[in-house]
Structure formats: C-alpha cells, structure tokens
Amino acid sequence: MPMYAHIVGVGSYLPERILSNTDLERMVDTNDEWIVSRTGIQERHLAADDEATSDLAALAGERALVSSGISKADVDLIIVATSTPDMLFPSTACLAQKKMGLTCPAYDINAACTGFVYALQAAVASIESGRTRTVLVIGADALTRYVDFTDRGTCVLFGDGAGAVVLQAGAEPGVRGIVLGADGSGADMLKVPAGGSAAPATVERIEAHDHYLKMSGNEVFKFAVRVVPRVTTEALEASGMSIEELDWLVPHQANQRIIDAAAERLGMPSERVFSNIARTGNTSAATIPLALDELYTSGRLAVGNTMALVAFGAGLTWGAAVITWTLPHANKED
Ligand code: UT7
C-alpha cells in the first residue's frame, strides 16, 4: 500500500506588538493610502525585544502538536524553514527543539519566503520513504530584525510570525504534488548583503546599513506575477488535478496586488483565494502555515478540501504544493 504524508496538526503564533501604517508614517516618508493601495497591508506584528525566531517557532510548533494530539515523544524530526535564524548556528530548529521539550533530530532550511514549501517537500520525502513517521514542519521568521526602518521601499512590507504543521504517514493522499524551483542568477534582487562569510560584519558595513534587507521591488514583483501561476499549474499537473478542483488557493502573502494578479491569471475566483496580508504583512516562511491555521481555526476548511499552496522569494526560489486537507475540524475558539 502506498505511503502518503498528510497534515494531522496545525498551529501558529503572531507576536503581540502591532506596527500600524500610522506608526510607520511617523518613521519614514510614507502614508497609509500609499501602503494600502500598493500592498494591501494595514498592520504587521513585531517580535518583542526578548523574542527571537526560535521563540516564535516553538510557540507555533507547540500549538500544532496540541492540535494533532500527538505526544512529543512520537515526533521523529523537526524542520524549521527560516531565513532569520536566531544566530548563524546552532540552527533555529535545535533552539526551538529545546524550548518545546523535544528530543528528535532538528535542522533548518533556508529558501527565504519559499522555505515552508521546501521544508514540506523534505518532510514528505522523509515520510514517504519510510524513514520517519511524524515530522513537525515550522515556518518562522522575524524579518523586521533585518529591515531598515529608514528605507520606505521595504520597511512597510514585513512582519514577524510563525506557523507549523504536523505531518504523519497515512494510507490516504494528503500532500499530493510538490514542484520546487530556484534561479541563483536572481540572487541580487533580494538579499541581506553583510553579516555572512562574503561580507562579515564591520563597523563600516553596519554604518552603511549593509546588514539590512535590500530589494529591487519592481523586479521581484514582476518575477512573482510570472512564477506564481506557472508553478501552481505545474503542481496541479503533477497531482493530476485542475484549477477547478481547488477549494482554496493559499498564496505567499507578499503583496495583495501579486495575489490578485496571480489569481486572475489562474482563473481562481477571489473568494477562494486566501489573504490575511492586511493584518500580518509579509511574514516570509511563516505566511503559508499561518494561513492554514487561520483557515482551519475559522472553520473554513473541511476534510477533503483540496488546496494549492504557492510561494516565491529570495534566491530566487519558488514552489507550490497541492494538498488535500485531512484534519477534522475542531473549533479551537470554542
Ligand atoms: O516575499 C517576497 C518579497 N517581496 C516582494 O514580493 C515585494 C515585491 N514588490 C512589491 O511588492 C512592490 O514592488 C513594492 C510594494 C515594493 C513597491 O511598489 P511599486 O508599485 O513597485 O512602487 P515603486 O517601487 O515603483 O515606487 C513607486 C513610487 C516611487 O516614487 P517615484 O519614484 O515614483 O516618485 C517610490 O519612491 O512610490 C515611492 N514609494 C513610496 N511612497 C510612499 C516607495 N515606497 C513608498 C512608501 N511610501 N512606503
């Protein structure tokens, strides 16, 4: 009998502190009207000073485990997708493992905003091969730690957060086709130039703001509008499904205009396209698991619903997964 991986638990965490567009108006030359009309973002969450990515990851991971009802001792592997690790090493997955009180192997994947889809692929491959049975996949980022709050072109876009799913082996298909892509020739479009081995931190580099995120917004925008419909279609083909069979399109939350353009190209009606960007901004590797938790918790997901998850980001990287939801609804707000 073929072995499939399916989602048996989901959870998320958004830090308490909120940064509104009005707050940003006091920091840079911007305004609410520009931010909302160009991005769809109204507010974003900011990690507290004493909260690191592993804290966000651990809280989301704990919540996903509670929702699965699976005991910590039964988790075989933790994969954390992040591009904003607590530190260069040890991995954020090891730090979150300790905070959650788990003992299994743990490692990070860095595919920037596409990280969750990449981590899903690694988890699914591990489960389908029979090497693991239960895998905790977390997408967690604290990008506001790397945002230059003097650069209005980027500082309005990002927020912090984490989301997680528990995947387990089963006989019924859960995760169907996954398609990933990368093109390192686009590396300069979105990067944090300093602080790594190519340009270690120096006073000069810090003074030049080189340890902050730099982005060619327009180029990334055009790439995203092209790649999202393409990779979604490829993942549907790999799953033997058509766009009409999808109950939900769950896109990476980077810009509402990218989401709308991609949905239109795919012919997906807007009421079946998930968006929470107004309240979260771009939380990088966390956007998709945060979306899954919100859809689930609000009762909008039923067993048997099929959705496409699709992301893009620095690298350049992109990826899409088609999954059938198998977690019975439990209203966590009751
Ligand atoms: O997860 C992946 C990561 N990133 C993305 O997916 C982001 C992709 N790119 C985008 O979302 C958009 O390119 C942005 C939202 C970053 C920018 O929107 P845009 O419509 O491409 O604006 P633009 O960069 O072409 O700038 C238009 C104008 C410029 O002024 P001038 O030169 O026309 O006078 C900017 O200086 O808007 C100005 N501008 C702003 N004005 C007020 C740029 N940022 C701001 C701002 N507030 N925050």
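In the classification used here, Ala, Val, Leu, Ile, Met, Phe, Trp, Tyr, Cys and Pro count as nonpolar, Asp, Glu, Lys and Arg count as charged, and the others, Gly among them, count as polar. By that scheme, the shell around the ligand in this predicted model consists of eleven nonpolar, eight polar and four charged residues.

**Shell around the ligand**

- The ligand is surrounded by 23 residues, of which Thr 30, Arg 38, Arg 152, His 252 and Asn 255 are the closest.
- At least two residues of this shell come from each of helix 2 (32–39), helix 6 (152–155), helix 8 (217–238) and helix 9 (256–266), and helix 8 provides the largest share, with four residues.

**Polar contacts and burial of the ligand**

- A polar backbone atom of Gly 217 lies 3.0 Å from a nitrogen atom of the ligand.

**Packing of helix 4**

- In helix 4 (residues 92–100), the buried residues are Thr 92, Ala 93, Ala 96, Gln 97 and Met 100.
- Because these buried residues fall within an arc of 140° when seen down the helix axis, they line one face of helix 4.
- The cover over the buried residues of helix 4 includes helix 3 (53–68), strand 4 (77–81), strand 5 (106–109) and strand 6 (134–142).
- Gly 101, which follows helix 4, has a positive phi, near 75°.

Notes
Residues numbered from 1 in each chain as written. Predicted model: local features only at pLDDT ≥ 70, side-chain atom pairs only at ≥ 80, totals over all residues. Heavy atoms only, no water. Near = heavy atom within 4 Å. Polar contact = N/O pair within 3.5 Å; in protein donor to acceptor, adjacent residues only side chain to side chain. Buried < 20%, exposed > 50% of the residue type's maximum accessible area, 1.4 Å probe, protein only. Arc of directions from axis to C-beta. Contact = heavy atoms within 4.5 Å.
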